[in-house]
Amino acid sequence: MGDGFAGRIVLRRDLLEALALIVAGAVFYLCVDCVRAATVDDLVELGTVMLDHEQYMRRAIELAGNVPELPFAAVIVNQETGEVLSEGWNKSSINPTWHGEIDAINHMVESGLDFEAAPLALYTTAEPCPMCQGAIHWTGIETVVFGSSIRFLQQLGWKQIDILAQEVAHRTPFSKCTLMGGILEDECNSLFEAASRKHRK
């Protein structure tokens, strides 16, 4: 009898510990969801002004018209004031590394602006490739907003290094960068679909 009673106590203790782990896990995931929700909400308000993501993305789409066969274009914005600091578009026909994001970063640096003193957001028609995302981190840009995804471009047959921007950000311990995709995604996707049709002709 005594051994059986002790066994039941051990069993109940094991059950209680298992239940405690389940509850702790549920609380953890609820907290993660809360953090994710807060992050999405915070993306709307960057710095001290409310940035209109679609407004800046529409400007990037407009800039992509300068090179419709490679419609990668970017706009860099001061998150505190909403001022557009620099713009750029793909010039890889001149230099294979001269992507839209690189063009915008180069123009900003060449302008002599003290860009390191302000929180920056970069808007781009497509998710940055690993090279561009790396340049974004080295520049200290805190937020990236993009339209088309690398996965979408791959589906269309565009040459893409199979590393997403988020993975580059995750593996860059010295710089934090928030990424937000899917802004005016349909409009951006249409740019690359149109370019793909021209390439096939």
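The residues that line the largest pocket divide into 8 nonpolar, 5 polar and 3 charged, where Ala, Val, Leu, Ile, Met, Phe, Trp, Tyr, Cys and Pro count as nonpolar, Asp, Glu, Lys and Arg as charged, and the others, Gly among them, as polar. Of the 16 lining residues, Phe72, Asn90, His99, Lys159 and Gln160 lie nearest the centre of this pocket, which has a volume of about 330 Å³. A pocket here is an open set of points on a 1 Å grid over the protein atoms alone, where a 1.4 Å probe fits, with protein on both sides within 12 Å along at least five of seven lines, and lining residues have an atom within 4 Å of a point. The volume is the space filled by probe spheres set on the points, which are joined across faces, edges and corners.

This is a predicted model, in which local features need pLDDT of at least 70 and side-chain atom pairs count only at pLDDT 80 or more, while totals for chains, interfaces and linings use all residues. Residues are numbered from 1 along each chain as its sequence is written, and side-chain values use heavy atoms, with hydrogens and water left out.

The protein has 7 helices and 7 strands, taken as DSSP runs (H or I of at least four residues for helices, E of at least two for strands) numbered from the N terminus. From that terminus on, the elements run α-β-β-α-β-β-α-β-α-β-α-α-β-α. Of the 201 residues, 40% are buried, that is, under 20% relative accessible area with a 1.4 Å probe and protein chains only, whereas exposed means over 50% and partly exposed lies in between.

Leaving aside neighbours within four places in sequence, Lys91 is in contact (heavy atoms within 4.5 Å) with Trp98, Asp103 and His107.

Just after H3, Gly112 takes a positive phi of about 85°. The loop between H3 and strand E5 (120-126) also holds Glu116, which counts as exposed because its relative accessibility is 68%. Glu116 and Gly140 are 24 residues apart in sequence, yet their C-alpha atoms are 7.2 Å apart in space.
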